[in-house]
Amino acid sequence: MNQPLTDFITRARRLFVLTGAGCSTASGIPDYRDTDGQWKRTPPVTYQAFMAEPATRQRYWARSLVGWPRFGHAVPNGTHHALAALEASGKLEVLLTQNVDVLHQRAGSANVIDLHGRLDRVRCMGCEQRSGREELQQRLMAANPGWDTLEAGIAPDGDADLETDFSAFNVPDCLHCGGLLKPDVVFFGENVPRERVAAVHDHLQRADAVLVVGSSLMVYSGFRFVQAAAKAGLPVAALNRGRTRADELLAFKDERDCAEALAPWLGATSTIL
């Protein structure tokens, strides 16, 4: 094992883990940023554009229709399983993820806060009814025959790298009230619900160390918790390739592949209790 990471995890009794896109790349889900923290692709749709522009919703849901099958069937990798094993050992205070793929839960993690929501759920912006994304997939395909056969590369948040004429794409409304449907995730330009932020801070106050896994922390919604931890005097370490926004706050950074670095904890949790 890499000694700094081993010692850091061993010393912690209530470890606060914050994860990002680097956890899921080995599951076939791309990330947005390079090792310098810069965008590798066009930034995702904003909340303001999605809510205000029918054309933006057509483009989003068309690309989502094409990308959802591969995203929705992605399976957890070694990083997810190792973190689930750490939780099973009683090591974790909480696992806070910036990802929306639910792969931590599929790997067996139970004490998870989905900071940016879950892509497997759909929210009506009118009546607040929640429904399953797979259910909406069937409605999208029924309303738009042939779109599911289009070929496109998978994109980070369950959509696809597809560019075409979206003007004829039919976007279903809420079955309950006819309202506008939106993925139950926090878009860029949208605020994380206050009660979710409060719950994260409660866990942070009970933690004795913070480990960032697979995140550059370039998005402030996650970075602020690392700032708060450092201000409170908690040791913070990162397992991430390349630059992070919190580099100057870190006790150390391990730049190995996440799954490789955490692999020793799989099946070895009895050694870290």
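The protein has a mean pLDDT of 90, and 88% of its residues reach 70 or more; pLDDT is the predictor's confidence in each residue, from 0 to 100. This is a predicted model, in which local features need pLDDT of at least 70, side-chain atom pairs count only at pLDDT 80 or more, and totals for chains, interfaces and linings use all residues. Residues are numbered from 1 along each chain as its sequence is written, and side-chain values use heavy atoms, with hydrogens and water left out.

Over residues 269–273 pLDDT stays under 50, and the model has 10 contacts beyond four places in sequence for this stretch. Contact means heavy atoms within 4.5 Å.

**The sheet**

Helices (H or I, at least four residues) and strands (E, at least two) are DSSP runs, numbered from the N terminus. Six strands form an open sheet, "6 strands" in the order β3-β2-β1-β9-β10-β11, with parallel pairing. Its edge strands, β3 (112–114) and β11 (252–254), each pair on one side only. Two strands pair if DSSP finds at least two bridges between them. Neighbouring strands of this sheet are turned by 20° against each other on average, direction ignored.

Strand β2 (residues 92–97) pairs with β3 in the parallel sense over 3 bridges. Here L95 stands opposite V112 in β3.

Helix α1 (residues 3–11) packs on the sheet and touches β1 (15–19), β9 (209–213), β10 (236–239) and β11; its direction makes about 135° with that of β9. Helix α7 also packs on the sheet, touching β1, β2, β3 and β9, and its direction makes about 145° with that of β3. Axes are lines fitted to C-alpha atoms, for helices over the stretch in contact, and angles run from 0 to 180 degrees between N-to-C directions.

**Helix pairs**

| Pair | Angle | Axes apart |
|---|---|---|
| α7 (residues 194–206) and α8 (residues 220–231) | about 30° | 11 Å |
| α3 (residues 54–72) and α6 (residues 133–143) | about 120° | 10 Å |

The angle in the α7 and α8 pair makes α7 roughly parallel to α8 (angles under 35 degrees count as roughly parallel, over 145 as roughly antiparallel, 65 to 115 as roughly perpendicular and the rest as oblique). In this pair, V197, V200, H201 and L204 in α7 meet R224, F225, A228 and A229 in α8. The residues of that contact divide into 6 nonpolar, 1 polar and 1 charged. Ala, Val, Leu, Ile, Met, Phe, Trp, Tyr, Cys and Pro count as nonpolar, Asp, Glu, Lys and Arg as charged, and the others, Gly among them, as polar.

From α3, W61, S64, L65, W68 and P69 meet R133, E134, L136, Q137, L140 and M141 in α6. This contact has 7 nonpolar, 2 polar and 2 charged residues.
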